[in-house]
Amino acid sequence: MRTVVQLSDLHFGTTISAALDPLIDLLWTLSPDLVIVSGDMTQRATREQFLEARAYIDRLPTPRLLVPGNHDVPLYDVVRRFLSPLGRYRRHITDDLSPVFRDDEIAVVGINTARSFTFKGGRIGASQLALLTAYCRALPAHVARIVVTHHPFDTPVELSGVRAVRGAQRALEAFARFDVDLFLSGHLHLIHTASAAKYVAGYDAPMLVAGTAVSTRARGEPNSFFVFRVDRDVIACETYTWDAQSLTFWHSATRTFARVSGGLASSG
């Protein structure tokens, strides 16, 4: 079994300072095999915010898989936004915009969906998809396949003004052919769960959106993060929620998915 942590939307520049150390302490207690940070390390992509984010990320357990978000592209610095949109991210966080983690049980691939020409939205390009499907094609059948993006493949109907990542339909159709088990993202600042069967008939892989782990910019729900327990037959998703009174993250919910051909079927 593998333990995978997903943090999202740290937004350094708008963090809850009281939550930072308790999160680090808990993560080391959980002893994860991988820590994922699914985008938006900073609020406005300034050098100071990236330095804060880098110092915090260095305290997380290793190995780590990181992808950028739209807030990691400068908003008001127009020249930098279009000439070097992820320059500071690559300098201070990681130069790897197509990260991959692989061991004997899991394969996790990260996709950069952040673009300089969109302020909030994201996109999966054809060349990115071609490389990732080729990678998935070569994986042994027993290895659990996980795809990580910042922008989600699905959004709640009631959440106006926020769209799914461009290219989602084409990507899901491609990944369905290689039994990708799980899609993880952030961006919404709230927890959201959907099934890929909404877009590809018979492909019941979960698409899970994590809440913001430590930012003040929550959408009416407590800060949170996910812990996944990945086994040969099942994947359990545990939600850890911030309690501002006790200054702790607590295990608030668990959902379990049975791994099946063509995706996962929810079992609880």
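Because the model is predicted, local features need pLDDT of at least 70 and side-chain atom pairs count only at pLDDT 80 or more, whereas totals for chains, interfaces and linings use all residues.

T113 is located in the loop between β5 (106–110) and α5 (126–137); helices (H or I, at least four residues) and strands (E, at least two) are DSSP runs, numbered from the N terminus. When residues up to four places away in sequence are not counted, T113 is in contact with G121, G122, R123, I124, T149, H150, H151 and V165, contact meaning heavy atoms within 4.5 Å. With H151, the side chain of T113 also makes a polar contact, side chain to side chain, at 2.7 Å. A polar contact is a pair of N or O atoms within 3.5 Å; within protein, one must be able to donate a hydrogen and the other to accept it, and residues adjacent in sequence count only if both atoms are side-chain atoms.

Seven salt bridges are counted, each being a side-chain nitrogen of Lys or Arg within 4 Å of a carboxyl oxygen of Asp or Glu. One of them joins R59 to D21, with the closest N and O atoms 2.9 Å apart. Since R59 lies in the loop between α2 (47–57) and β3 (64–67) and D21 in helix α1 (residues 17–30), this pair ties together parts that are 38 residues apart in sequence. R59 is partly exposed, at a relative accessible area of 36%, and D21 is likewise partly exposed, at 41%.

A salt bridge also links the side chains of R54 and D58 (2.8 Å, N to O), and D58 counts as partly exposed at 45% relative accessibility. In the salt bridge between D95 and R90, the closest N and O atoms are 2.7 Å apart, and R90, at 39% relative accessibility, counts as partly exposed.

One aromatic cluster is formed by F153, F175, F183 and Y203.

Notes
Residues are numbered from 1 along each chain as its sequence is written. Side-chain values use heavy atoms; hydrogens and water are left out. Rings of Phe, Tyr and Trp (its six-membered ring) pair if their centres lie within 6.5 Å; planes under 30 degrees apart count as stacked, over 60 as edge-to-face and the rest as tilted. Buried means under 20% relative accessible area, exposed over 50%, partly exposed in between (1.4 Å probe, protein chains only).
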